[in-house]
Amino acid sequence: MGSHRTARAVIAAAVVTAITAAAVLIMGFAWRGAGAGRAPVSYNAVDMRAQMLDNGDLRITQTFDYRLESRGTPWRQMFQQYTLSSDRLTTISDISVTDLTTGRTYTQDDTVHSPSGYGDAGWDSECAGRWYIADITQSESHPDPFDPELDALTATAVGEPAQTKDVEIGWNIPSTRSAKSMRFELAMTWHGVATAYDDVVALEWEPFSALNSTPAARVTGTFVFPKGISESNSWAWLHTGAASETTRLDDGSLQFTVTDLPGGEYINVVVMAERQPTSAVSREQAGRMKQRILEQERQEARIASNARQREARGRLIIWLIPAVLALLLVVGALIGAKRACAQGRRHTEALEYWREPPDMSPAAAAALITDVMPGIQGSRDDRQMTSTLLSLVTKGAVAIYPGSAAGYRGLDLSRADCVSIGQLIASDPRREADAAGMCTLVIMPRVYTDRAGLQLCRSESALLDVLLRASERIGLPVFDFGQMQAALKDWRQGYAWLRGFEDACNAEYQALHATVPVGVGARMLGGAAMIASWLTAFIYTAAVGQIALALVISLPLLFAATFAAQVSPRQAFTAQGEAYADQVGGLMRYMEDFSEFGDRGVFDTVLWGRYMVYAAAFGISDKLMEQMERAYPQLADPEWANVHASNDSLVYWSARRNRAMRARGGAFGMHGMHAGGSFSSMVSNSFSSVGSTIRDAMPQSSSSGSRSGSRSSGGGGSFRSGGFKGHSGGSGGGRGGAR
């Protein structure tokens with residue numbers, strides 16, 4: 001019993017966890033997709049290479065892989081903007097633009113064309129395939145011409161008042177509605193970038209500034225020193241707040257990778273090399289800067305490290321608080337489930353067999369066997385209704401005969417006997433066919449004259465009231481189940497009578513005091529833990545974008561919470577309940593194994609009639625009939641059954657039904673509701689549909705209550721492990737986009 005419950009709990013937990021895992025993945029990918037799609041223009045990837053020349057200039061090659069979203073108007077122009085400053089970048093020259101997607105090399109245009117002033121055909125024929133450089137210091141919408149030689153700034157020393165200009169390098173593409181990938185190479189030379197001090201040559205290269213609004217999924221770069229400079233006499237730092245990694249090669253080159261660069265985040269490369277005697281850097285400044293730069297970078301690295309620690313602690317708190325809450329709830333649920341399982345375990349050794357009808361009504365037995373042996377065949381409601389009806393038959397309140405009521409016109413079934421009815425059916429093939437799938441119910445006269453003498457229990461009396469109301473609607477005390485179903489189809493008050501029967505069944509079961517509720521706390525804690533696990537999964541996935549945390553933390557907690565909620569039993573047997581459980585469990589086993597006993601004694605139709613009542617309550621009517629025929633083979637003899645089994649209609653009609661099935665394969669069974677042999681099986685199948693009909697007619701307002709019972713941002717502080725959030729404002733201050 002416990003193993004079945006455990007298996008069901010594992011399956012339920014696995015299903016809930018799998019569904020949640022799928023939801024987490026879908027939500028996570030949707031979140032990432034939405035995050036990437038917020039910008040109309042973005043970079044799939046950017047690759048950069050900067051070669052430091054002997055004179056302090058930089059030869060830069062940048063490859064941009066653009067993603068363009070549809071926006072209603074076509075895309076026609078890509079651009080990169082830079083800030084010239086007399087103390088760090090005086091001009092930009094030697095520019096070339098190549099469309100790597102098509103292989104086309106763009107040509108320079110002295111005119112800056114406005115994309116809005118052309119149609120698609122005019123733009124593609126007159127403007128596309130050309131690049132320009134313009135001065136946008138005064139206005140981006142009205143740029144001025146820029147000549148890299150004539151308009152270059154005059155170099156000044158660092159710290160002196162500096163002149164600045166903003167320039168834009170742009171290139172005109174064919175009109176494009178949208179594109180998942182368009183790759184361009186921009187090559188250029190930056191002049192006057194480095195400054196030579198007495199001991200070192202230093203520069204800062206800022207390909208992306210804080211003013212850049214175009215996000216990039218991935219940025220890779222390489223900074224190469226002039227010949228003669230190696231890792232031993234050079235230093236390099238990467239400043240960025242995005243996730244990054246850096247590597248120094250043996251020749252001193254700095255390689256870096258930045259992932260998920262958002263708009264508004266900068267990349268600033270700071271490099272320094274020992275000054276060589278042959279240095280040709282044009283900008284010179286007296287003084288020694290090596291230690292000052294080293295100390296500045298160390299201080300900025302410490303500040304960035306402390307900021308990362310604070311940020312990481314904050315993230316950990318955000319991550320851990322819901323996880324710890326969910327974990328505490330899960331632990332409490334598991335402890336509660338363990339205690340509930342211990343309470344629900346039988347404390348006495350179950351009786352192997354019990355030979356007498358149990359000390360309870362059939363309806364109570366049908367409810368109790370469900371707790372004793374979970375997974376019993378048939379619903380509890382149907383077993384209660386069928387067993388109670390059969391009990392009314394054994395007590396003489398009603399009688400049941402095979403066939404429809406129309407086949408008995410002119411007969412007084414209240415005085416008929418089983419043998420004469422059986423002979424009547426056997427004499428007419430049409431009656432035999434009719435008897436195969438229908439039953440006729442007779443309200444016996446004693447119900448009207450001496451109901452108290454029937455000694456009915458509460459559930460039996462309540463069901464008898466339902467039958468009496470059906471008889472009143474039909475207008476006769478004799479009716480078949482087909483007539484009953486038709487009469488009750490539109491009986492909107494029938495639910496009240498049916499509820500009276502159900503309440504009576506519940507009251508009888510509760511009066512046994514066989515069980516007490518257990519595991520309420522475990523299920524409540526398990527439910528709360530499930531909610532907390534779902535919330536953590538939502539927080540990790542949607543709020544902080546960490547799908548891995550949801551998969552590693554939330555899903556195991558959800559599995560454990562669901563398991564705890566499902567594995568906990570709802571009822572535990574009391575000491576008195578265990579005695580009752582022994583009776584119903586032992587009687588069920590006795591019925592199923594009856595043919596193996598050698599001390600059966602003389603066939604007792606009264607006892608077997610009650611056995612059949614409780615067999616219906618246990619859902620084993622067919623099994624009981626098989627055992628009875630094995631134990632008493634003489635039941636197969638019609639003459640013997642007419643003499644010894646006719647006192648109990650349930651036994652008699654079940655035996656006759658089985659004989660007919662074996663003899664002809666049709667009558668009394670093959671055209672009926674079931675291929676099973678017992679008469680009570682057919683009664684159960686017919687009568688359960690009556691209850692369904694009444695429930696279907698129940699008003700909706702009356703139906704309720706009818707039953708009781710990343711990586712870390714910024715990388716490391718060392719230039720070998722990653723970048724840190726140092727100062728920005730290096731040469732260039734790049735920002736790009738498209739229009």
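This is a guided tour of a predicted model, stop by stop, for use with your viewer open.

**Before you start**

Residue numbers run from 1 along each chain as its sequence is written, and because this is a predicted model, local features need pLDDT of at least 70 and side-chain atom pairs count only at pLDDT 80 or more, while totals for chains, interfaces and linings use all residues. Side-chain values use heavy atoms, with hydrogens and water left out.

**The whole chain**

Show the protein chain as a cartoon to begin. Its secondary structure comes to 19 helices and 23 strands; helices (H or I, at least four residues) and strands (E, at least two) are DSSP runs, numbered from the N terminus. Of the 739 residues, 51% count as buried. Here buried means under 20% relative accessible area, exposed means over 50%, and partly exposed is in between (1.4 Å probe, protein chains only). Switch to a surface, and the accessible area comes to about 32,800 Å², of which 54% belongs to carbon and sulfur atoms. Accessible areas come from the Shrake-Rupley method with a 1.4 Å probe; for residues, only the protein chains shown count as cover.

**Stop one: the nonpolar cores**

Select Leu368, Val398, Met591 and Phe618. These are the residues with the most contacts inside the largest nonpolar core, which has 74 residues. A nonpolar core is a set of buried Ala, Val, Leu, Ile, Met, Phe, Trp, Tyr and Cys residues joined through side-chain atoms within 4.5 Å. Helix α15 (residues 605-618) supplies the largest share of this core, nine residues. Another core, of 59 residues, lies apart from it; Leu153, Ile173, Val201 and Phe223 are among its members. In soluble globular proteins, nonpolar side chains tend to be buried together.

Now centre on Phe618. Its contacts (heavy atoms within 4.5 Å) include Ala365, Ile369, Val584 and Met591, not counting residues up to four places away in sequence.

**Stop two: an open sheet**

Next, colour β11, β12, β17 and β14. These four strands form an open sheet in the order β11-β12-β17-β14, with antiparallel pairing. Two strands pair if DSSP finds at least two bridges between them. At the edges are β11 (195-196) and β14 (234-239), each pairing on one side only.

Zoom in on β17 (residues 267-274), which is joined to β12 (residues 200-208) by seven bridges. Along that pairing, Phe208 stands opposite Ile267, and Val201 has Ala273 as its bridge partner. Six bridges join β14 to β17, and His239 stands opposite Asn268 there. Seven of the eight residues of β17 are buried, so this strand is largely enclosed by the rest of the structure.

**Stop three: salt bridges**

The structure holds 20 salt bridges; each is a side-chain nitrogen of Lys or Arg within 4 Å of a carboxyl oxygen of Asp or Glu. Side chains of opposite charge can pair when their charged atoms come close.

Select Glu69 and Arg67 for one of them, with the closest N and O atoms 2.8 Å apart. Glu69 is partly exposed at 24% relative accessibility, and Arg67 is partly exposed at 30%.

Then pick Asp120 and Arg177, whose closest N and O atoms are 3.5 Å apart. Asp120 sits in helix α2 (residues 120-126) and Arg177 in the loop between β9 (164-176) and β10 (179-191), 57 residues apart.

For another pair, show Glu460 and Lys395, at 2.8 Å from N to O. Glu460 lies in helix α9 (residues 458-474) and Lys395 in the loop between α5 (380-394) and β18 (398-402), so the pair ties together parts that are 65 residues apart in sequence. Glu460 is buried, with a relative accessible area of 1%, whereas Lys395 is partly exposed at 26%.

Leu316 belongs to helix α3 (residues 290-344) and is partly exposed, with a relative accessible area of 42%.

Finish at Ser568, in the loop between α13 (547-567) and β22 (571-573). Ser568 is buried, at 4% relative accessible area. Not counting residues up to four places away in sequence, Ser568 touches Arg5, Ala337, Ala340, Gly519, Ala522 and Arg523.
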